Amino acid sequence: MSDAPARPPSDDAIRAMLTERAGRLTPQPLDVTGAFAEALRGSRQERRVWRLWPALTAGASLAALVAVALVAVILPSRVPTASSPPSAGPSVVSPASAAPLATPVVLSPGQLLEAVSASADGLVGRLVPLRGALASVIHSCPPRPVGASPCNGLTPYISDVTGGIRVRVTDAVIHGSESAGSPESQIWIVRVTNGREADGLVVELIGGLKQGPDGGLTFTVAQLLANHDESRVGSLVAVDGWLVRTPLHSCPSISSSGARYGCPSDVYLTDTEFQPLRADGSSLGPTAGIYLPADAYEQWAPEPAPFSTGGVVPQRAVYLLRAMPTTCSVGTACQSFRQAEVLGRLDPLSDLVASPEPSDAQTVAEIIAASANGPFAFADGRQLIVHGWLVRTPQLPLCRPAPESPYGCDQLDYVTDLPFQPWSSTATSVSARGPDVGLRVQNGAYDAFAPDPRQDSDGAYIPREGTYVVRGVIRSGCETLPQPEGSVAPCAGPAVLFWEIVERR
Amino acid sequence: MDPALIRRAQTGDVEAFTALVAGRVEPMQRTAMAILGHEADAHDAVSQTLATVWRELPRLRDVAAFDAWSTRILVHACRRLLRGRGRARVRELTIDIAEAGQAVASAGGSTDEVVERLALERAFERLDPDARAILVLHHLQGRGLTEIAAIFGIRVGTAKSRLYAARRALERSLEREQ
């Protein structure tokens, strides 16, 4: 702080500051999962989004594969049938990369809440990638019955701007996973439960997911085998691969703890559709694969199916793996593979993530009537559709707005049932007024959402009719009032229901 | 800008769309970073922008306005994220001037310059999204008033007025740092 008089910033100073600010960003490939999830919210264009997805994933050079990707989305993956004869030797049927799998979408907390709400209990037990920041809020511990789980006064949750979900952290599960407790946004894997507490849904936190080398959700087997850092014991990774199993074979006499891998069969995750069963009934492992527990195929293959005599049909999916210490059971040749355990599958949730339609369009008057019970009636984040006219005043420089308030008095934006003009001017004066029946929406809403925002020759903004998605927000009533000179603190006042336009339909 | 490419993208040609946006992603990320000051948010803003551009592109009648139109969508995305951030984040991160100054000074600049730059950035952080956006478009991207007016869908005179108001807001905000 200094007592020197304020010096207006020069253009050069502003440019230098902005240049440095922008330069702190590390350019990254497009966050395809985020873009896809966002695009899915516009369900009308879902087919168009599906077409975009593979290209964004692969980049411009792979755009030609879009047609292949489309076929992959529409048609089931090609697998050998039970009637096919086993090949003469270990065979590589097709590279996994040639037909992109419909990968799961990373959800925001808000999207997951919507999906769970829309699916009733249909998501219970599913593993879901969730992007958000893990944090804890401190609360008081209520009296608990004897035998209840202990209360440490912390409620962990994953949140972002779309909302927050309470999580249950199981130490045994999250052990070894990095970034637990990170305040930064990242991708977490959670298991949907049917648990509810007073403040809503509770999910089980499996751990923080290591993202693929290209910033995507999944790894290939080859990428994991080439990257020791990502394969550290305890790391959680999602692998798009083929789950294969050899026929059952005899087990050596070993301790039960060592029999988890390789007995009574060898199970691998591979990058290629690999059939280890040979025509003579023997089997051979893949040249590159991740070694999994012997029961992994039966437990996690999407559709376990027998193949010829003793074999199984390879099954492709996105499997959630946790890297395990590489210890081999006696008599198995696992030294060349890294070991992992399968925690589950990340199946696409595309049938479930489309945001439920908020409601049928309502009038402003209907919404106001419904909110007559108090400002908190619509403060639960629900979205409403309103059809009306959006308008704003010009800037009102004589009114000093509340700091940082999107509802400051230097501009007024409204949605009304009928065309309304809040601003009038004469040769000697200008004035602004609010409508008798209207929703006060955030400053800037007109410019952001009105179709063809425009001023007339007198400077008044032309009301624009449209269908808007709005949600209620609770603010301090004093934010709309002129603020005294020098005021910097947020003003305190009664809770008032304002509205935020989030989308135009 | 290749109008034919845009028209192809409008018909759902993914390859054309990819080519259209390929060179824009990084500039968009830097613009969003300058407005938002938060890397993850900047990437989110660009992701949302590209998704919206893809969805809404068929409705763009004037292909010559693609740049202004897509920039407007980016600004809207930044605005939404900033509004949301204001709602959702209850903790305020304070910048340790001494530490940050050391860090920036190590990259060049006197201590006074560093402190002034940090003060200016804190002042910028207090601006509303529209003011931030117009300052970024003008001072970082070097866009003139005509371009800014096209991006915001306003008259040139209004753009001039808004740019002036944003500068004044920045000055007032900076006074709080003195």
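Let's start with one pair of residues: Tyr319(A) stands opposite Arg345(A) in strand β15 of chain A. What you see is a predicted model, in which local features need a pLDDT of at least 70, side-chain atom pairs count only at pLDDT 80 or more, and totals for chains, interfaces and linings use all residues. Residues are numbered from 1 along each chain as its sequence is written, chains are lettered from A and ligands numbered from 1 in the order in which they are written, and side-chain values use heavy atoms, with hydrogens and water left out.

First, the strands around that pair. Helices (H or I, at least four residues) and strands (E, at least two) are DSSP runs, numbered from the N terminus. Two strands pair if DSSP finds at least two bridges between them. Strand β15 covers residues 338–345 of chain A, and six bridges join β14(A) to β15(A). These two run antiparallel. What joins β14(A) to strand β8 of chain A, residues 236–245? Eight bridges do, and this pair is antiparallel too. One bridge there sets Leu243(A) against Gln315(A) in β14(A).

Why is β14(A) largely enclosed by the rest of the structure? Because nine of its 10 residues, in the run 315–324, are buried. Buried means under 20% relative accessible area, exposed means over 50%, and partly exposed is in between (1.4 Å probe, protein chains only). Here is a general point to keep in mind. In a regular strand the side chains alternate between the two faces of the sheet.

Next, the cores. A nonpolar core is a set of buried Ala, Val, Leu, Ile, Met, Phe, Trp, Tyr and Cys residues joined through side-chain atoms within 4.5 Å. How many residues does the largest one have? It has 61, and Leu57(B) and Phe152(B) have the most contacts inside it. Helix α5 of chain B, residues 66–88, gives the largest share of this core, 10 residues. Another core lies apart from it, with 22 residues, including Val239(A), Val267(A), Val312(A) and Leu321(A). In general, nonpolar side chains tend to be buried together in soluble globular proteins.

Back to Phe152(B). Contact means heavy atoms within 4.5 Å. Leaving aside neighbours within four places in sequence, Phe152(B) touches Arg72(B), Val75(B), Arg79(B), Ala133(B), Ile134(B), Leu137(B) and Arg162(B).

Now the aromatic rings. Rings of Phe, Tyr and Trp (its six-membered ring) pair if their centres lie within 6.5 Å; planes under 30 degrees apart count as stacked, over 60 as edge-to-face, and the rest as tilted. By this rule there are six aromatic pairs over all chains. Tyr414(A) and Phe420(A) form one that is edge-to-face, at 6.3 Å centre to centre and 90° between the planes. Both of these residues are buried. Phe66(B) and Trp69(B) form a tilted pair, 6.0 Å centre to centre with 45° between the planes. They are three residues apart in helix α5 of chain B, so about one helical turn separates them. Phe66(B) and Trp69(B) are buried as well.

On to charges. A salt bridge is a side-chain nitrogen of Lys or Arg within 4 Å of a carboxyl oxygen of Asp or Glu. The structure holds 25 of them over all chains. Arg21(A) bridges to Glu121(B), with the closest N and O atoms 2.8 Å apart. This pair crosses between chains, from helix α1 (residues 11–23) of chain A to helix α7 (residues 111–125) of chain B. Is Arg21(A) buried or exposed? Arg21(A) is buried, at 0% relative accessible area. Glu121(B) is buried too, at 7%.

Compare another bridge, Glu503(A) with Arg505(A), at 3.4 Å between the closest N and O atoms. Glu503(A) is partly exposed, at 24%. Arg505(A) counts as partly exposed, at 32%. Salt bridges that share partners also build one network: Glu20(A), Arg21(A), Arg24(A), Arg117(B), Glu121(B), Glu125(B) and Arg132(B).

Last, confidence. pLDDT is the predictor's confidence in each residue, from 0 to 100. Chain B has a mean of 79, and 83% of its residues reach 70 or more. Where in chain B is confidence lowest? In helix α6, residues 97–106, at a mean of 47, while helix α8, residues 129–140, is highest at 93. Over residues 87–101 of chain B the pLDDT is below 50. As a rule, where pLDDT is low, the predicted coordinates should not be read in detail. For the complex, the predictor gives an ipTM of 0.88 and a pTM of 0.42.
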